[in-house]
Amino acid sequence: MSVLIDRIGSLVTNDPELGRGPLGVIEDAALVLADGAVQWAGPRSATPEAAAGERFDAGGRALVPGFVDSHAHLVFAGDRAREFAARMAGEPYAAGGIRTTVAATRAATEAELDATTARLVAEARRSGTTTIECKSGYGLTVEDEARSLAVAARHTDEVTYLGAHVVAPEYADDPAGYVALVSGRMLDACAPHARWIDVFCERGAFDGDQARAILAAGKARGLVPRVHANQLGHGPGVQLAVELGAASADHATHVTGADVDALAAGDTVATLLPGAEFSTRAAYPDARRLLDAGVTVALAADCNPGTSYTTSMPFCIALAVREMGMTPDEALWSATAGGARALRRTDVGRLSPGARADAVLLDAPNHLHLAYRPGVPLAAAVWQGGERA
Ligand SMILES: [Zn+2]
């Protein structure tokens, strides 16, 4: 089963050996997909003779790699629209709002959680997301966290155990007891469903020592750390992420020079989540400072019902360009190849031979339109594993 995508006005491969600049852009291009993977990418004039069963005419429009959204909280019930409205009327955001969603999630059936997750994954795909990570974190009991991860695992391979989202309400007076639960019995129940372990390391959630203990326990069970770090204020999260070899430090909004140096020297990706700053009316992270220091930057949507209820990677690209000092090229790279780095994947985030056939046709002549035309549904067609999604 092969498809020739022909007459591509501008093809972003993210492979500098195939085209112009860091994005490896090829004008007047063609792409051959076969058996779920990219078989060939190059200028139309060089399209292989044997190419294609099926031919798709891109009509001169742009084709980019499917977006890799490396940070999402999709297993939940209820919404927090009223909290959002109150915040827009002047009330500040605090980590405790998560508990509202915890109560609703515990009360929901597994079928309801599954339906919400499926709906959001499909919504993300419609705007071009072909790889999405998904966290637990709204159950906060052994059974509810394991149930959330089992739901997530039906929709993605990138499943993250986030029992340490906030201290469960039952443990409000015994946070040490909750840390022991998350690192012990809850971890035992959750590890079989997950690839990653995450901690919300923030004032009001978990401090550096608690986060280190939980992440170390997860590592001992074969999970790879990622950290919610430095979202609401300065703290130990970013440097802890680097110290523990985390794949990603997520948010990285309030960072010191030492934090930036640590990221630049280590292998940990800084994953910026501008939907959160947008939805909490907070100051954006300084992507320019991180990029100029040599840090690998990813962009993700952070879809969650409290602080960033969007699945749109194009929206995040537009915010990153308008508000965070990224160029349109950098923002697209971070939303595709950067997300792949944050998930330690080499098979997604690019459109070069051997990559998974995940691609987005934009209703635009080139990828600059992603930031230039904010809020517009530009994804005209999406391929996931070679299939039209
Ligand atoms: Zn998050």
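Helix α12 (residues 313–323) and helix α13 (residues 328–342) pack at an angle of about 140 degrees, with axes 9 Å apart; the axes are lines fitted to C-alpha atoms over the stretch in contact, and angles run from 0 to 180 degrees between N-to-C directions. The two helices are therefore oblique to each other, since angles under 35 degrees count as roughly parallel, over 145 as roughly antiparallel, 65 to 115 as roughly perpendicular and the rest as oblique. The contact (heavy atoms within 4.5 Å) involves M313, I317, A320 and V321 of α12, and P328, A331, L332 and A335 of α13.

The model is predicted: local features need pLDDT of at least 70 and side-chain atom pairs pLDDT 80 or more, while totals for chains, interfaces and linings use all residues. Residues are numbered from 1 along each chain, and side-chain values use heavy atoms, without hydrogens and water.

The zinc ion is coordinated by NE2 atoms of H71, H73 and H228, at 2.0 to 2.1 Å. Donors are N, O and S atoms within 2.8 Å of the metal (3.2 Å for Na, K and Ca), and sites may look incomplete because water is not among the atoms. H73, in the loop between β6 (67–69) and α1 (81–88), and H228, in strand β11 (residues 224–229), are 155 residues apart. Both H73 and H228 are buried, that is, under 20% relative accessible area with a 1.4 Å probe, protein chains only.

Conventions
Helix = DSSP H or I, 4+ residues; strand = E, 2+ residues; numbered from the N terminus. Buried < 20%, exposed > 50% of the residue type's maximum accessible area, 1.4 Å probe, protein only.
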